[in-house]
Amino acid sequence: MKILLVRGAFLNRYEGQNYEVLAHLLKKEGHSFSAIGSYASFHADFTFPVKKLFSPYDIAVWARRIPMVGNLLARYYLALCNRTLGDGHFLLGLKRFIKSTGPYDTVIIAETYYGFDKQIASLKKGGSVRKIISTCWETIAFNNETLERKKQMKNFVKKHIDRYICPTELARKALISEGIDPKDVSVVRVGVDLKEFKPETSSHKDFTVAFIGRKTHEKGIYDYRKMSTILLSKSPTYEMIELSSLAYRTMSHQLSAIDCVVIPSRTTGTIAEQYSMVAVESMACCKAIVAYDTGALSEVIGDAGIIVPDGDVQALAEAVETFA
């Protein structure tokens, strides 16, 4: 049996550590597991083979590194890709690679609206791919359908998917709302390596509070900073930390020095937190968690943390105080 994971620029260790376990088990049984990323993938170090292909999306990733204007350039570039190609996540040479190394019994894709999804669906029609499994994290039904070209791409891809796997019940409901048969959708949580992520006591003297993630509006960085101001005005014994762009293999070490992790992700018209690996990693390390009630956060965290109303900075600060 040959299984291929196609993620393009989204190939990452957060999710990939789960597939490393699968790849190991398959290898013991004489099967193969490999993946395809892009030159701008989140991570590249895996225990299974990875092939890199160029994606138009890579240009946007590189553009964001340009000081001052990078984010704006990337936004306009991706808008152009959406209007001309339908998406920027196509992978150049994907068809040639699969035909030369396949056929593949199963290809695992992501969502239903990426360029590589359409490429894999097209290859299934030609026989190079036998079955398609899509892992769908999207929590907003009918998202990514404002452009007719992208909507058409979603509909085409859905016709060729054999099975859907969702990490949350909320994502499952979103698919069913879009017309997918409930019998074709399974909920399978994404975990972390408990040998790496394990309870450790913070060595800091002060109570350490951390924001971990991209410093963007939808991830709640501005609410976190407002909350920090509130807490520090009451007591100087808080140590407020902002962590981003961490090497994933250092994440468990970083968490060991933290007392409370704050996840203030915000809901927008097109974005709602889909899972939050930071939450899962923090729970594995037995850290206090405070989060907004947005997207799937309350489902993932459950009673392992304190959930407050989306956008209520004061409630966020008060929740942190209960742990201090």
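Predicted model: local features only at pLDDT ≥ 70, side-chain atom pairs only at ≥ 80, totals over all residues.
Trainee: How are two packed helices described?

Mentor: Two packed helices are described by the angle between their axes and by the distance between those axes. Here, helix 4 (residues 94–101) packs with helix 5 (residues 115–126) at an angle of about 40 degrees, and their axes are 10 Å apart. Helix 4 and helix 5 are therefore oblique to each other. Helix 4 passes helix 5 in a right-handed crossing.

Trainee: Which residues of helix 4 and helix 5 meet?

Mentor: From helix 4 come Leu94, Lys95, Ile98 and Lys99, and they meet Phe116, Gln119, Ile120 and Leu123 of helix 5. By class, this contact of helix 4 with helix 5 has five nonpolar residues, one polar and two charged.

Trainee: How do helix 8 and helix 12 cross, and at what angle?

Mentor: The axes of helix 8 (residues 221–234) and helix 12 (residues 313–323) cross at roughly 55 degrees and come within 9 Å. An angle between 35 and 65 degrees is classed as oblique, so helix 8 and helix 12 are oblique to each other. Their crossing is right-handed. Helix 8 makes the contact with Asp223, Lys226, Met227, Ile230, Leu231 and Lys234, while helix 12 uses Val313, Gln314, Leu316, Ala317, Val320 and Glu321. The classes in the contact of helix 8 with helix 12 are seven nonpolar, one polar and four charged residues.

Trainee: Which residues touch the most other members of the largest nonpolar core?

Mentor: In soluble globular proteins, nonpolar side chains tend to be buried together. The largest nonpolar core here has 30 residues, and Leu94, Ile98, Val107 and Ile120 touch the most other members. Elements that each supply at least two residues of this core include strand 1 (2–8), helix 4, helix 5 and strand 5 (129–135). Strand 4 gives the most to this core, with four residues.

Trainee: What is Val107 in contact with, leaving aside neighbours within four places in sequence?

Mentor: Val107 is then in contact with Leu4, Val6, Ile120, Val129, Lys131, Ile132 and Ile133. Another core, of 27 residues, lies apart from the largest one; among its residues are Val192, Ile212, Cys285 and Ile289.

Trainee: How does Phe156 count by relative accessibility?

Mentor: Buried means under 20% relative accessible area. Phe156 is at 22%, so Phe156 counts as partly exposed. The place of Phe156 is in helix 6.

Trainee: Which residues does Phe156 touch, not counting those up to four places away in sequence?

Mentor: Phe156 touches Lys118, Ala121, Ser122 and Lys125. Lys118 is 38 residues from Phe156 in sequence, and the two are 7.3 Å apart in space, C-alpha to C-alpha.

Methods: Residues numbered from 1 in each chain as written. Heavy atoms only, no water. Axes fitted to C-alpha atoms, helices over the stretch in contact; angles between N-to-C directions. Parallel < 35°, antiparallel > 145°, perpendicular 65-115°, else oblique. Left-handed = near helix turned anticlockwise from the far one by under 90°. Contact = heavy atoms within 4.5 Å. Nonpolar A, V, L, I, M, F, W, Y, C, P; charged D, E, K, R; others polar. Core = buried A, V, L, I, M, F, W, Y, C linked by side-chain atoms within 4.5 Å. Buried < 20%, exposed > 50% of the residue type's maximum accessible area, 1.4 Å probe, protein only.
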